[in-house]
Amino acid sequence: MAFIRKRGSSYYLVHNVRKKGRVRQVHLASLGARPRLSDEVIDGIKTRHPFVRVDWQGLKEKASRDLVQPLANDSDYMRQ
């Protein structure tokens with residue numbers, strides 16, 4: 001299953017794959033500083049990675065929850 005990961009100040013949609021006994025992360029999409037899953041991003045991921053199972057509704061809900069949380073304590077986030 002794909003999930004949203006934060007690295008630094010950016011969010012990414014990644015998927016774990018096991019190759020030769022090791023786990024590797026496949027980078028599906030860059031979501032930027034605010035994790036938004038638009039229809040264009042979803043369509044692009046579906047065409048490039050057709051065999052990856054993704055719970056789009058769950059990811060959209062998680063992205064919207066994560067978006068609201070930083071507003072409470074991050075003035076730099078508010079300025080952007």
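## Strand pairing

Two strands count as paired if DSSP finds at least two bridges between them. In this predicted model, strand E1 (residues 2-7) and E2 run antiparallel and are joined by six bridges. Arg5 has Tyr12 in E2 as its bridge partner, and Ile4 stands opposite Leu13 in E2. The two strands, E1 and E2, form a hairpin with two residues between them. Gly8, in the turn of this hairpin, has a positive phi of about 70°.

The open sheet has three strands in the order E1-E2-E3, and the pairing is antiparallel. Its edge strands are E1 and E3, each of which pairs on one side only. On average, neighbouring strands of this sheet are turned by 40° against each other, direction ignored. Strands of a sheet pair through backbone hydrogen bonds, in either a parallel or an antiparallel manner.

Lys20 is found in the loop between E2 and strand E3 (22-32). Lys20 has a positive phi of about 55°, although this residue is not a glycine. Is Lys20 buried or exposed? With a relative accessible area of 88%, Lys20 is exposed, because the cut-off for that class is over 50%.

His15 is located in strand E2 (residues 10-19). Its relative accessible area is 14%, so His15 is buried, the limit being under 20%. Neighbours within four places in sequence set aside, His15 is in contact with Met1, Ala2, Arg24, Gln25, Val26, Leu28 and Val52.

With the corresponding neighbours left aside, the contacts of Ala2 include Leu13, Val14 and His15. Leu28, Arg53, Val54 and Leu59 are also in contact with Ala2.

## Helix H1 against the sheet

H1 lies across E2 and E3, and runs at about 145° to E3. Which residues of H1 are buried? They are Ile42, Gly44 and Ile45. These residues cover an arc of only 160° around the axis, and therefore lie on the same side of H1. Asp39, Glu40 and Thr47 are exposed on the other side of H1.

## Nonpolar core

The largest nonpolar core has 14 residues. Those with the most contacts inside this core are Ala2, Ile4, Leu13, Leu31, Ile45, Trp56 and Leu59. Two or more residues of the core come from each of the elements E1, E2, E3, H1 and H2.

## Salt bridge

How many salt bridges does the structure hold? The structure holds one. In it, the side chains of Asp39 and Lys60 meet at 3.9 Å, N to O. This pair links distant parts of the chain, with Asp39 in helix H1 (residues 39-48) and Lys60 in helix H2 (residues 56-68), 21 residues apart. Side chains of opposite charge can pair when their charged atoms come close.

The two partners fall into separate accessibility classes: Asp39 counts as exposed at 51% relative accessibility, whereas Lys60 counts as partly exposed at 33%. The value for Asp39 is 51%, so this residue passes the cut-off of over 50% for exposed.

Conventions:
Residues are numbered from 1 along each chain as its sequence is written. This is a predicted model: local features need pLDDT of at least 70, side-chain atom pairs count only at pLDDT 80 or more; totals for chains, interfaces and linings use all residues. Side-chain values use heavy atoms; hydrogens and water are left out. Helices (H or I, at least four residues) and strands (E, at least two) are DSSP runs, numbered from the N terminus. Buried means under 20% relative accessible area, exposed over 50%, partly exposed in between (1.4 Å probe, protein chains only). Contact means heavy atoms within 4.5 Å. A salt bridge is a side-chain nitrogen of Lys or Arg within 4 Å of a carboxyl oxygen of Asp or Glu. The arc is that of the directions from the helix axis to the C-beta atoms. Axes are lines fitted to C-alpha atoms, for helices over the stretch in contact, and angles run from 0 to 180 degrees between N-to-C directions. A nonpolar core is a set of buried Ala, Val, Leu, Ile, Met, Phe, Trp, Tyr and Cys residues joined through side-chain atoms within 4.5 Å.
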